[in-house]
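Colleague: Hi! Could you walk me through this model? I'm still new to reading structures.

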Amino acid sequence: MSEFKRFISRTWKNAKKDIKAEANQQFKIDFEGHQIVVQSTFDCTTLVVDDEVIDEKYRPTKLGKLRISETVKGQKDGLDVKAKVGGTTTLDCTFYINGKKIIKQKREIQIYAWKHRTKIIPFLIETYEKNGSFENIVLPDDDYYFLEDDERLAPGEYCDRLFSLEEQGYEDTFAKRLVKKVDWLLEKPADKTRNDIYEAVMDDDFPEYAFAFKEQLAQLEVDEDALYKEAKWFMEHAAHRYVVDFALLLLGRTTVKKDLEMLRVIGRHEEFTAFVAAAIMGHGAEANEILFDSMKHTKSYGQRAALILLNEPITEEMQQWLLYDIPLTDDLDVVTVAMIAQKSSLATALKADVVSEALFERATAILVPLVVIEELAELYDELPDALLDYVRHAKMHITSYEQVHPLAKMALSFAEYDWEEVFESSTWQPVEKNLVTSGIQSILTSSNWQPKIDKAFAEGRNMAQAIDIARASGYDYIPLVYKKIVNGNFEPYLYEALIVQGDYRQFIAVVDYVEQFELSLLNPVERECIELVIDALASHDGVGKTLMHHALQLDDEMLEWRVLTTFDVWKVSSYLPDFEEDLKKIVKKSPEREHRRFAKRLLKGHD
């Protein structure tokens, strides 16, 4: 389903639900000891006298549901009862008894998005009091934002948009409009204005300009008591998650001390941690403790948001928890890792003369991701100092082959750095670079790791780690890798290791080996290996023509593109006339316009 169709389907589904809920009205009178009730719903109108159904009018068809009036009537105990229900902007019910008009009751029809839906904050508080956690709890507005077959977002997944430096271009404009509405509401409080604001912030684009709104709201002169009152109104009425977010930002512009315990509970739900953190940041040590609590009770996006927004004062307890206890999972993004390093005062902890095994292991888990990607050198200003002390401790703590792999990863990463660029964009200095890299290299070459590397290949276990250690320590691992490949080990990292090393003779031998396979029969992992080989052929003019030809026979768009890009860097004489017919076939039959144009250009000789 396209995004547009999905939007229309979702909007229509929600509109029907709201209309049905608003149409569900009850009118009641007491007459001479009898209770007369008229129940009006979207589908039927029912007349009940003294708990007995006297008449019922159903509207089973879509056209019938559009009728603006309905009459129900009947008799009981000598009473001749009739009721007429109808209206457009109001729903009226006129009661007649024994032919005489008794009373006319009115209900104003007000379709507010929040009116008939479960309010989220009371739901959160009640749920937490009952369960002690929010694990596996689905928010009551889930059916509003998602169709039945939609893939659900993880709680708080919008966090990436919230902290993104990429702008869509409309954030400031949307934020300015919203601030104007809030200013007008404070000047002239009215339900209509509240409802307009509610509808403006209830959709899932609010997080994209939420922080711009927060910044502009901070510049607005407000009556804090009046703003607090409106914040509480939105918190009490919010039946949609993004309205809760909006209400939290309003609350954060006032004093939050009266609501800290409520914020503590809400902040433990990953969906709202970021906005609780945004609301209370800058409100002092007590509010910071709520942020710390949120960090400890969340696991993913919520924990990341709380960490990013955690400000001074950072207590020793917070530092110790970040240093030793916050989970360091493989999927943790490096920005979060840099935050952990900074706010745990890792560099300071490593300055000790001696560190524990636990601290050294945690330092390893934190520092390796920060070293692996060169562009991240500027994320953590204390990285050079931390690494200098880390290497000093590593000489004492690294005593086995199993422990040396993180240093090997660091060494290989440093070897790829453009150090001149790093020196310009970060706090690294040449003397620090020399001390760190030479210190790592001395540890890598202080022991003979060759027997362990040979054993890893012999057993077929942890070979990727063995390759890293071999490369970093200068051991010739190519014969081991080649042997594994030609013995049928289709592992992409084996092919990558051979290609990176640039051993022409062994690479050509591998090309000859893979050319014997029927490409259409390969599984995804085996195919990935073939793709790596084809990409590498761009550096070997005229080599692997048989493999290229096999790839083009599959009519596979991805392989076809890889072959074309390889031809683009070969000499024209290396692929023409050998592949002339293949290229003509692509020009004539490829469904991809870009492929057809590319092949046509190659037939003309690149230029």
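**Chatting through the model**

Modeller: Happy to! Keep in mind that this is a predicted model. Where shall we start?

Colleague: Holes, please. How many cavities of 30 Å³ or more does a search of the whole structure find?

Modeller: The search finds 1 cavity of that size. The volume of the largest cavity is about 50 Å³.

Colleague: Which residues line the largest cavity?

Modeller: The lining is made up of Phe146, Leu153, Ala154, Gly156, Glu157, Tyr158, Arg241, Tyr242 and Glu271. Sorted by class, the lining has 5 nonpolar residues, 1 polar and 3 charged.

Colleague: Nice. Let's switch to helices. At what angle do α11 and α13 pack?

Modeller: Helix α11, residues 273-280, packs against helix α13, residues 301-309, at about 15°. Their axes are 8 Å apart.

Colleague: What about α2 and α10, at what angle do they pack?

Modeller: Helix α2 (residues 120-131) and helix α10 (residues 260-267) pack at about 80°, and their axes are 10 Å apart. That angle makes α2 roughly perpendicular to α10. On the α2 side, the contact uses Ile121, Leu124, Ile125 and Tyr128, while α10 brings Met262, Val265 and Ile266.

Colleague: How many residues of the contact of α2 with α10 are nonpolar, polar and charged?

Modeller: There are 7 nonpolar residues, no polar ones and no charged ones.

Colleague: One more pair: how do α17 and α19 cross?

Modeller: The axes of helix α17 (residues 357-372) and helix α19 (residues 401-416) cross at roughly 25° and come within 10 Å. These two helices are therefore roughly parallel to each other. α17 passes α19 in a left-handed crossing. Among the contact residues are Glu357, Leu367 and Val371 of α17, along with Lys409, Met410 and Phe414 of α19. By class, this contact of α17 with α19 has 7 nonpolar, 3 polar and 2 charged residues.

Colleague: Now the backbone. Where is there a cis peptide bond?

Modeller: Look at Leu576 and Pro577: a cis peptide bond joins them, with omega at about 10°. Pro577 sits in the loop between α30 (572-575) and α31 (580-589).

Colleague: And what is phi of Glu32 near?

Modeller: Phi of Glu32 is near 50°, which is a positive value in a residue other than glycine. You'll find Glu32 in the loop between β1 (25-31) and β2 (34-40).

Colleague: Last one! Where is Arg562 found?

Modeller: Arg562 is in helix α29, residues 557-569. Setting aside neighbours within four places in sequence, Arg562 is in contact with Glu531, Ile534 and Asp535.

Colleague: And how far apart are Arg562 and Asp143?

Modeller: In sequence, Arg562 and Asp143 are 419 residues apart, and in space they are 43 Å apart, C-alpha to C-alpha.

Definitions and conventions
Residues are numbered from 1 along each chain as its sequence is written. This is a predicted model: local features need pLDDT of at least 70, side-chain atom pairs count only at pLDDT 80 or more; totals for chains, interfaces and linings use all residues. Side-chain values use heavy atoms; hydrogens and water are left out. On a 1 Å grid over the protein atoms alone, a cavity is a set of points where a 1.4 Å probe fits but cannot get out, and a pocket is an open set with protein on both sides within 12 Å along at least five of seven lines; lining residues have an atom within 4 Å of a point. Grid points are joined across faces, edges and corners, and a volume is the space filled by probe spheres set on the points. Ala, Val, Leu, Ile, Met, Phe, Trp, Tyr, Cys and Pro count as nonpolar, Asp, Glu, Lys and Arg as charged, and the others, Gly among them, as polar. Axes are lines fitted to C-alpha atoms, for helices over the stretch in contact, and angles run from 0 to 180 degrees between N-to-C directions. Helices (H or I, at least four residues) and strands (E, at least two) are DSSP runs, numbered from the N terminus. Angles under 35 degrees count as roughly parallel, over 145 as roughly antiparallel, 65 to 115 as roughly perpendicular and the rest as oblique. Contact means heavy atoms within 4.5 Å. A crossing is left-handed if the near helix is turned anticlockwise from the far one by less than a right angle, and right-handed if clockwise.
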